[in-house]
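Subject: Structure handover

Hello,

Please find the structure below, followed by notes on what was found in it.

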Amino acid sequence: MSEFLREQGTPSMGDFLEYRPYRGRLRGPMSAVFAIARTSLGLLFRRKLFWGLYLLGLIIFFLYFFGQYLLVWAGSQDSGQAIRVGPFARIPRKEMIDGLRNMLKMDGSPGMFHNFLQTQGSIVMVIFALAGAQLVGNDFRFRSFPFYFSKPIGILHYLLGKGLAAAVLLNMLTTIPALILFFQAWFLGDWSWSEGKFRLFVSILGYGAILTWGLVPLLLASSAGLTRTIPIAMFWIFSFLFLHGVAEGLVDRLGYPANWKALDLWNDICQVGSRILGVVVEAKNAPKQPDFSLVLGIVLTIPILSFIYLKIRLSRVEVLR
Amino acid sequence: MAAILELRELTAGYQGKAVLGPLSLTMESGTLGLLGPNGAGKSTLLKVLLGILHPISGSGMVAGFPLGSGHRLRRVIGYMSEADALIPGMTGIDYVSFAGELAGLSRRDSSRRAHELLHVLELDEARYRLLDEYSTGMKQRIKLAQALIHDPPLLFLDEPTSGLDPSGRDAMLDLLQTLHKNHGKSFLLCTHLLGDVERTCKDMILLSGGQVLLRERVASLSRTIPSEFRVRLLQIPPDSVLPNHWKPEGDGFLVHLGPKGGTSESSLADQNRVTEDTRLIWREAFQMGAIVSHISPRHEDLRERFAQILAEAGGGKDLRGKKQSTSPGPTQIPGGRNE
């Protein structure tokens with residue numbers, strides 16, 4: 001019996017017999033993009049640090065979420081009563097709530113989303129500065145490219161996968177919470193759907209897209225070039241804090257032309273985002289801003305330069321040594 | 001048998017400068033050892049075969065796909081790199097499963113197959129451990145697992161036994177032999193270790209300076225040369241005269257009895273010839289007044305053969321690309337003198 005079985009190729013101990021051929025269908029390389037993105041995010045969120053940073057980012061969201069709810073709830077209470085402010089003044093409750101809503105901009109207006117997205121952006125930059133090494137830098141440092149590029153994928157699929165991971169991370173902190181706030185404001189309001197609401201909805205998506213376009217390629221390029229966390233963080237500090245300070249100092253303190261403010265990339269991205277949201281800064285003491293065409297040019301150019309750098313950097317990777 | 005690898009007048013290089021070829025090569029389904037010193041063009045050849053580097057001229061087919069087919073080509077190839085190429089922070093199972101997804105398997109299939117492969121490669125107990133904690137042997141096996149995940153018909157193995165201890169090396173080579181014999185996998189084994197090629201490959205090519213210096217069956221290379229014997233003598237009289245074909249070597253002599261050919265298979269005729277030659281050596285030693293303490297036919301192994309071929313090619317380098325010592329040093333005759 002055993003001889004018969006052996007002739008038929010039946011497993012016996014010590015042989016490499018449990019190996020089975022794969023009979024399934026192989027999908028195209030685009031499916032690898034999602035696998036790369038999912039795995040990259042999985043690796044990132046294996047570290048407790050990123051959960052902590054993510055929760056920190058959500059604190060601002062909760063501030064807006066519960067603030068908006070609280071103000072609507074307070075406004076819905078008996079509006080006849082007046083609230084005593086100081087020893088003499090008494091302000092009607094409704095006026096006070098409306099004033100607070102306008103002051104804090106927790107009213108579901110484009111201004112609220114502009115403030116929210118701008119504030120969340122700072123958290124995103126901290127997370128990106130720390131996540132770059134994990135997302136891309138380690139592949140360079142630990143020479144993981146033979147693993148990737150011996151598979152049926154190309155540089156484009158690798159970049160799309162990593163870019164998708166970074167984009168998901170960014171939008172988990174910005175666009176998605178902003179959309180939740182949008183729907184909350186809608187449900188807390190009059191439940192009517194107007195063209196204005198649709199435009200606001202699209203504008204929030206547009207703002208998210210600009211943040212993604214402006215920050216993700218830069219993250220990939222800086223991580224590919226610098227590979228380690230500290231240099232990447234220093235690059236981000238330089239780009240978004242140091243240049244911000246330089247631009248502000250040159251224009252607001254030394255009286256240089258407003259176009260020097262275009263050095264501040266974060267300001268440039270927010271300028272484009274605020275245009276998309278239709279927010280106009282009306283205050284008299286509002287800081288001077290560079291020409292919008294210059295700002296737009298910078299926001300469009302830097303990611304393209306980042307992609308060119310990435311292409312060159314990746315094509316120089318020694319896949320086989 | 002169908003050719004799984006076929007190159008025609010292929011030239012490849014960097015920035016238009018050729019470092020490989022023109023190279024024509026055919027590999028039937030089976031096992032091929034790729035040997036050569038550093039800078040011979042092995043990595044460049046692998047890059048071309050993987051579709052990462054486009055040839056300057058010439059053409060070729062790999063497993064039915066023309067070179068330059070890019071993604072489609074790499075679907076039929078499993079590549080095990082020499083470098084670790086691991087992703088820190090990942091567990092073994094995640095790594096192999098991820099490799100499957102990159103190769104085009106669905107997430108479910110990939111996960112299932114990764115579990116199977118890690119079991120087969122005896123890594124099932126380590127599958128949930130981080131790759132950073134793996135030993136060298138485990139890293140080599142997990143690299144093989146990721147190369148096999150999509151069940152390619154052709155494997156490119158770059159130094160698969162590098163860094164392994166003798167038992168780990170044996171296990172890896174056994175595994176490769178089993179993959180070929182039981183599962184029909186063809187592989188191209190790129191290595192510096194001649195023993196690996198001798199043990200696992202049917203054919204071998206020796207590359208140097210981007211050219212094929214030698215293409216032979218491994219068995220025919222490691223043939224016995226019965227016309228040469230290593231001999232050690234006792235009680236050599238001081239005035240004894242050595243015949244011309246006795247050359248001092250180490251603490252004994254190398255006795256060359258003229259070219260007689262020879263094959264890898266020891267035939268009866270070869271054995272008879274060896275017996276006759278042995279008798280002749282005994283007789284000559286007796287005439288010198290010496291006693292034979294040791295006599296053995298000299299086996300030319302792959303290392304000697306390659307060293308000779310590389311030296312003839314003018315490189316004078318060994319397989320690791322280091323310069324060989326060509327000076328034989330002063331000749332000393334142990335206990336006698338040349339005629």
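This is a predicted model. The largest pocket holds about 760 Å³ of space. It is lined by 34 residues, and those closest to its centre are A:Gln118, A:Asn267, A:Cys270, A:Gln271 and A:Gln289. Four helices of chain A, namely α5, α10 (229-253), α11 (265-277) and α12 (292-315), each give two or more residues to this lining. Of these, α10(A) gives the most, with 8 residues. Sorted by type, the pocket lining has 20 nonpolar, 9 polar and 5 charged residues.

Rolling a probe the size of a water molecule over the atoms shows where empty space is left. The structure has 2 cavities of 30 Å³ or more, and the largest cavity contains about 40 Å³ of space. Which residues line the largest cavity? From chain A they are A:Leu43, A:Gln134, A:Leu135, A:Asn138, A:Asp139, A:Ser144, A:Tyr148 and A:Lys162, and from chain B they are B:Ile87 and B:Pro88. Helix α5 (residues 110-141) of chain A supplies the largest share of that lining, 4 residues. By type, the cavity lining consists of 5 nonpolar, 3 polar and 2 charged residues.

Now the interface. Chain B has 48 residues in contact with 38 residues of chain A. Together the two chains bury about 4,100 Å² between them, and carbon and sulfur atoms give 60% of that area. On the chain B side, B:His71, B:Arg75 and B:Leu102 supply 15% of the area buried against chain A, more than any other three residues.

How many salt bridges does the rule find across the interface of chain B and chain A? There are 3. In one of them B:Glu101 pairs with A:Arg38, and their closest N and O atoms are 2.5 Å apart. The elements of chain B that give two or more residues to the side touching chain A are α1 (42-50), α2 (71-74), α3 (92-103), α4 (107-120), α5 (136-148) and α6 (166-183). That side of chain B divides into 22 nonpolar, 13 polar and 13 charged residues.

Regards

Terms used:
Residues numbered from 1 in each chain as written. Chains lettered and ligands numbered in written order. Predicted model: local features only at pLDDT ≥ 70, side-chain atom pairs only at ≥ 80, totals over all residues. Heavy atoms only, no water. Contact = heavy atoms within 4.5 Å. Buried area = accessible area lost by both parts, 1.4 Å probe. Salt bridge = Lys/Arg side-chain N within 4 Å of Asp/Glu carboxyl O. Nonpolar A, V, L, I, M, F, W, Y, C, P; charged D, E, K, R; others polar. 1 Å grid on protein atoms, 1.4 Å probe; cavity = no way out; pocket = protein on both sides within 12 Å on 5 of 7 lines; lining within 4 Å. Points joined across faces, edges and corners; volume = space filled by probe spheres on them.
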